[in-house]
Amino acid sequence: MSTFKPYLSAIEAPSLTEVQALPGLTLLEFGTEWCGHCRAAQPLIAQALATQAPWRHLKIEDGPGRALGRSYSFKLWPTLILLQSGHEVARVVRPRAVEDLVTALKA
């Protein structure tokens, strides 16, 4: 049984206002289904989230003209943005080890 969680399309993705209103801990993951770096990061992300406090995990499909991604001004996929009550507290770009994420999730 696969635990793969698909990326939210532009239609499904929340707006910046909705993201900023989210209470608690939220992990925004920006990337695409076809990105090799995004695929390689999936087991690392799953493992890190399994060891930490309950983070809301939103996978947002990114690309040209995607408003939510543009509002966070990043250039590489996957980019993971950690929010606490809608405010950015950490950012991880192209994680290569579980420790990269665990450290950020503890911030």
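This is a predicted model: local features need pLDDT of at least 70, side-chain atom pairs count only at pLDDT 80 or more; totals for chains, interfaces and linings use all residues.
Local features are given at pLDDT of at least 70 and side-chain atom pairs at pLDDT 80 or more, while totals for chains, interfaces and linings use all residues. Numbering starts from 1 along each chain as its sequence is written, and side-chain values use heavy atoms, without hydrogens and water.

The protein chain contains 4 helices and 4 strands, in the order α-β-α-β-α-β-β-α along the sequence. The radius of gyration is 13 Å, close to the 13 Å from the globule rule for 107 residues, so the chain is as compact as a globular protein of that length. Here the radius is taken over C-alpha atoms, and the rule is 2.2 Å times the number of residues to the power 0.38. Helices (H or I, at least four residues) and strands (E, at least two) are DSSP runs numbered from the N terminus. Along the principal axes, the C-alpha atoms fill a box of roughly 30 × 30 × 30 Å. Of the 107 residues, 43% count as buried; buried means under 20% relative accessible area, exposed over 50% and partly exposed in between, with a 1.4 Å probe and protein chains only. Among contacts (heavy atoms within 4.5 Å) with a separation of 6 or more, 66% join residues 24 or more positions apart.

Helix H2 (residues 36–50) packs against helix H4 (residues 98–105) at an angle of about 40 degrees, with the axes 9 Å apart. Axes are lines fitted to C-alpha atoms, for helices over the stretch in contact, and angles run from 0 to 180 degrees between N-to-C directions. H2 and H4 are therefore oblique to each other. From H2, Leu44, Ile45, Gln47, Ala48 and Leu49 meet Val98, Leu101, Val102 and Leu105 of H4. By class, this contact has 8 nonpolar, 1 polar and no charged residues; Ala, Val, Leu, Ile, Met, Phe, Trp, Tyr, Cys and Pro count as nonpolar, Asp, Glu, Lys and Arg as charged, and the others, Gly among them, as polar.

Arg56 is in strand E2 (residues 56–61) and is partly exposed, at 31% relative accessible area. Leaving out residues up to four places away in sequence, Arg56 touches Leu22, Pro23, Leu25, Thr26 and Leu27.

Some backbone details lie in loops. Pro78 sits between helix H3 (67–71) and strand E3 (79–84), and the Trp77 to Pro78 peptide bond is cis, with omega near -15 degrees. Ser85, in the loop between E3 and strand E4 (87–93), has a positive phi near 50 degrees although not a glycine.

Terms used:
Angles under 35 degrees count as roughly parallel, over 145 as roughly antiparallel, 65 to 115 as roughly perpendicular and the rest as oblique.
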